[in-house]
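This note sets out several points on the structure shown below. Each point may be followed with the sequence and the model side by side.

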Amino acid sequence: MMNRLQVAALLTKLVRSMRHHGSWCGETHVQKAAYVAQQLAGVPLGFEFILYKHGPFSFDLRDELTSLRADGLLQLEPQPFPYGPKFKMTETARRLQQRFPKTVTRYENALGFVASKLANKQVDDLERLATALYAKSEFTDKDDQQRAAWINQKKPHVTIDEALAALAEVDELKEEFASVIV
Amino acid sequence: MPKHLHEIRDPIHVFVRLDTDERSVVDSAPFQRLRHIHQLATTFLIYPGATHKRFEHCLGVMELAGRVFDVVTHPYNIHEDIRRVIPQITDPKQLGYWRSCLRMAALCHDIGHLPFSHAAEKELLPEEWDHERLSRELILSPEMRNLFNAMTPPLRAEDVVKLAVGPEEANDLSFSTWETILAEIIVGDAFGVDRMDYLLRDSHHAGVPYGRFDHHRLIDTLRILPSPPAQGDSLSQGDPVAQESGAPTIGVQGNVPQDAPAQTSSTAVAANQSGVAPPPVVNPAQHSHPSYIQYPREPALGIEEGGLHSAAALMVARFFMYSQLYFHPIRRAYDIHLKDFLKDWLSGGQFPTDANRHLEVTDNEVTSALLHASRTPAAPGHDAARRLMCRDHFRLLYQRHPEDVAINPEAGEAIFSAACEEFGEERVRRDRYSQRSGAPDFPVLTKDGRIASSLAMSQTLTQLEAVSIDFVFVDKAILNKAQDWLRENRLAIITPTEGPDDE
């Protein structure tokens, strides 16, 4: 199990990677990317997610992002009206990552993969994809049609067809991740 | 004929009004127990006025919850998008039920509190237990269920639990959008009335004015709104202006007057002056039908632009109350001694989780035992009790400093470990806490009917620090020696060395 600073090194790395790939990197983006990194790419961040705001959401992660700001490892960059802020990694975070070379090296490809796949997605796309992954993980005994119905029930603004497409995208991502990341 | 409405005088809200159904819960044993639980634990040892109890706080939370409910469900205040996403909000029958349920949840939200509130909660309950779970057990108990069933309309205990505890603590339950919003009214991160009441009440009783803010204005301007947009959100369908510019047109309110000013936000004006092109102004009158919005964004508790300063004042009040009152270092040292005492005094070192046994223990029993133990050297917990009762508390050796954190985010841990090694674990204690919430990012309804992030509209909110404390305390007897030691070794201790980098 990783300690808090190792997790901090990976989270800040994820933020850096998301920004590098062009993500807006608001809190929703970080929440969903962390979920996909943990659930699909096997990065052991250790957060507990429930279905809440825009899909899978972790209150622990929300609190930890605040702690990372308090520790000077992340900054919130205000944006012009009417948008919410972006997260930005700091120089202190870069130094922290250097303290954990093995941890960072071990997971940087996985984080990079997640960032490259999610960075350019809009919030509604992220919600659909992350919720589909959540449904796959929670209901291993159900088929995609049943999972899509469940998604539509929980998130009525996601149609059955959109949910099915998101579930298929999860399968593609899993396959691609398995083939790319050794 | 029994009186149906009752009033209780209150120093914060003038009157708390309740009906006979609610009074039956106030008169119940689980609720009456809160008369004997200090709201601020041992804080009265530092701020002598802070002797108020959970009882009046819960009454205050109920009063505010009712006020907020009435504001956000008033037909004039319901946003067009929300009307579609939350159908309950326009159904008078459902509104009546949920108003009663919300007020009841607000009343009961703290009935599971342990003696001395939060002071001794974490280490003194079995794993997976906290006061929220105890509250949940009590709300679902046969005694409370009977009271809820006898009400008009009868309330489902399960609904009361959801609203009282919220999705964060009741993560095994499924919440509808409406239930999520109602829970947010009580325990929400930004505008929860639990927080509003405790800031105002604690400020009043402790004599610390930092906790005050204009809660009347704040509540009057609260609204249920679509979440603020993020860049890259879907473009509107059928809105050529937005499609050309790439700007979202989310959240145009149908009831905004046609002569509403095109743009009145001073921040928005500032954004224009800074050379950043804002999204175009959409005339709400041209878009009274909401179908041009591609999909509804998740609702959240937000505010009209006119209440933004009150909202900022709430957040600032919270910051100062945490840094000046709740995290006063001596209060935190007392909490540590109280925990040490309770570990020795309680059977098995933990509080019972059985509902009946839980109800038997209040601050009164603990205070009596503390006094006895402080005078009786052979009594369990004597040393900790003596420290509390005779003001021989541990003293602050080190507190978190931004310069140290820049060198090592775990500087407090490094100093604590080194001090334990140097002086012995028995003479050193650590207390660490970080704010448990996100940035104050909530939707704001501008005067021209758009939805914006609060952090795009208020520099005060953007600049607000996250609260984080890290204290290292030592026995008063070694304070001078420890201070000398720290002065000589601080930098060497906190500078990170090559350590293990394994999972």
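1. The model under discussion is predicted. In it, helix H15 (residues 329-345) and helix H18 (residues 382-389) of chain B have axes that come within 8 Å and cross at roughly 145°. The crossing of H15(B) and H18(B) is left-handed.

2. Which residues make this contact? On the side of H15(B) they are Tyr334(B), His337(B), Leu338(B), Asp340(B), Phe341(B) and Asp344(B). H18(B) contributes Ala384(B), Ala385(B), Arg387(B) and Leu388(B). By class, the residues of the contact between H15(B) and H18(B) comprise 6 nonpolar, 1 polar and 3 charged.

3. The next point concerns the domains. The domain assignment divides chain B into domain 1, covering 5-223 + 306-326, and domain 2, covering 329-438 + 466-494. The C-alpha centres of domain 1 of chain B and domain 2 of chain B are 30 Å apart.

4. How many residues bring the two domains of chain B into contact? Domain 1 of chain B places 29 residues in contact with 22 residues of domain 2 of chain B. On the side of domain 1 of chain B that touches domain 2 of chain B, the elements giving two or more residues are helix H2 (29-32), helix H6 (131-139) and helix H14 (308-326) of chain B. That side of domain 1 of chain B has 19 nonpolar, 6 polar and 4 charged residues.

5. A sheet in chain B also deserves attention. It is an open sheet of 4 strands in the order S3-S4-S7-S8 (chain B), with mixed pairing. Strand S3 (222-226) and strand S8 (451-453) of chain B are the edge strands, and each pairs on one side only. On average, neighbouring strands of this sheet are turned by 45° against each other, direction ignored.

6. Within this sheet, strand S7 (residues 443-445) of chain B pairs with S8(B) in the antiparallel sense over 3 bridges. Val444(B) stands opposite Ala452(B) in S8(B). Helix H9 (residues 177-187) of chain B packs on the sheet and touches S3 and S4 of chain B. The direction of H9(B) makes about 50° with that of S4(B).

7. Is Arg297(B) buried or exposed? Arg297(B) lies in the loop between helix H13 (266-273) and strand S4 (299-304) of chain B. Arg297(B) counts as buried because 27 other C-beta atoms lie within 10 Å, and the cut-off for a buried residue is 20 or more. From C-alpha to C-alpha, Arg297(B) and Asp27(B) are 42 Å apart in space, and they are 270 residues apart in sequence.

Technical notes: Residues numbered from 1 in each chain as written. Chains lettered and ligands numbered in written order. Predicted model: local features only at pLDDT ≥ 70, side-chain atom pairs only at ≥ 80, totals over all residues. Domains from an automatic or database assignment. Contact = placed C-beta atoms within 7 Å. Nonpolar A, V, L, I, M, F, W, Y, C, P; charged D, E, K, R; others polar. Buried ≥ 20, exposed ≤ 12 C-beta atoms within 10 Å, placed from the backbone. Pairing = 2+ DSSP bridges. Axes fitted to C-alpha atoms, helices over the stretch in contact; angles between N-to-C directions. Left-handed = near helix turned anticlockwise from the far one by under 90°.
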